[in-house]
Every structure is written in structure tokens, then in C-alpha cells.
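Hi everyone, thanks for coming. Let me walk you through a structure that may be new to you; please have a look at it first.

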Amino acid sequence: MRGEYKVVSCPNCGHLQITFAERYFVCRGCGRKNSISSKCVLYKSEDHGDAREVLLSLKMKGCSSPNNLFKFSRAGDT
Ligand SMILES: [Zn+2]
């Protein structure tokens with residue numbers, strides 16, 4: 001049995017994060033429990049690094065302070 005990492009966007013506050021859950025995720029931005037629907041799933045992958053790259057690129061686009069996120073993107077590179 002295997003699952004997929006999903007890049008999800010919180011419908012309440014727009015926070016982007018990765019979840020491995022199948023049905024619900026709890027937003028780290030506002031704490032709301034959201035059901036995972038195709039509407040809020042932006043990307044799916046079995047590979048965590050792959051999902052993370054997408055998450056970071058999405059955050060880069062929408063974030064006003066990319067320096068903070070750039071630090072993240074470098075942290076786990078091999
Ligand atoms: Zn939220």
C-alpha cells in the first residue's frame with residue numbers, strides 16, 4: 001500500500017503545504033481541518049522531494065519575501 005504526497009491549498013486562508021493524508025488535512029496556517037478535494041489539491045506525487053519542489057515554486061510565486069523560502073529550498077538538496 002502506498003500513498004501520494006499532495007500539495008494542498010487551504011480554502012480558508014490559502015496556506016500551501018504538503019500532506020500525506022487521504023481525506024483530511026489540518027492547515028498549519030489557520031488550524032482549520034479541511035477535506036481533501038480535487039479543488040484544493042494542486043499537485044500529487046509519490047515522491048516527497050518532487051512534491052516539495054512544486055510547493056516551493058508555488059510559494060515563490062506568491063510570496064513577497066522569497067529569501068525565507070530560498071533558505072528552505074536549499075536545506076535539503078543533495
Ligand atoms: Zn488555512
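So, which residues make up the largest nonpolar core? Before I answer, a word on the model: it is a predicted one, where local features need pLDDT of at least 70 and side-chain atom pairs count only at pLDDT 80 or more, while totals for chains, interfaces and linings use all residues. Residues are numbered from 1 along each chain as its sequence is written.

Now the core. It has 8 residues: Tyr-5, Val-7, Val-8, Leu-16, Phe-25, Cys-27, Ala-51 and Leu-55. By nonpolar core I mean a set of buried Ala, Val, Leu, Ile, Met, Phe, Trp, Tyr and Cys residues joined through C-beta atoms within 7 Å. Buried means that 20 or more other C-beta atoms lie within 10 Å of the residue's own, with C-beta atoms placed from the backbone.

Who supplies this core? At least two residues each come from strand 1 (5-9) and helix 1 (48-62), and strand 1 gives the largest share, 3 residues. Helices and strands here are DSSP runs, H or I of at least four residues and E of at least two, numbered from the N terminus.

Pairing requires at least two DSSP bridges between the strands. Strands 1 and 2 share 4 bridges, and Val-8 has Gln-17 of strand 2 as its bridge partner.

Finally, confidence: pLDDT, the predictor's confidence in each residue from 0 to 100, averages 84, and 77% of the residues score at least 70.

Key:
Buried ≥ 20, exposed ≤ 12 C-beta atoms within 10 Å, placed from the backbone.
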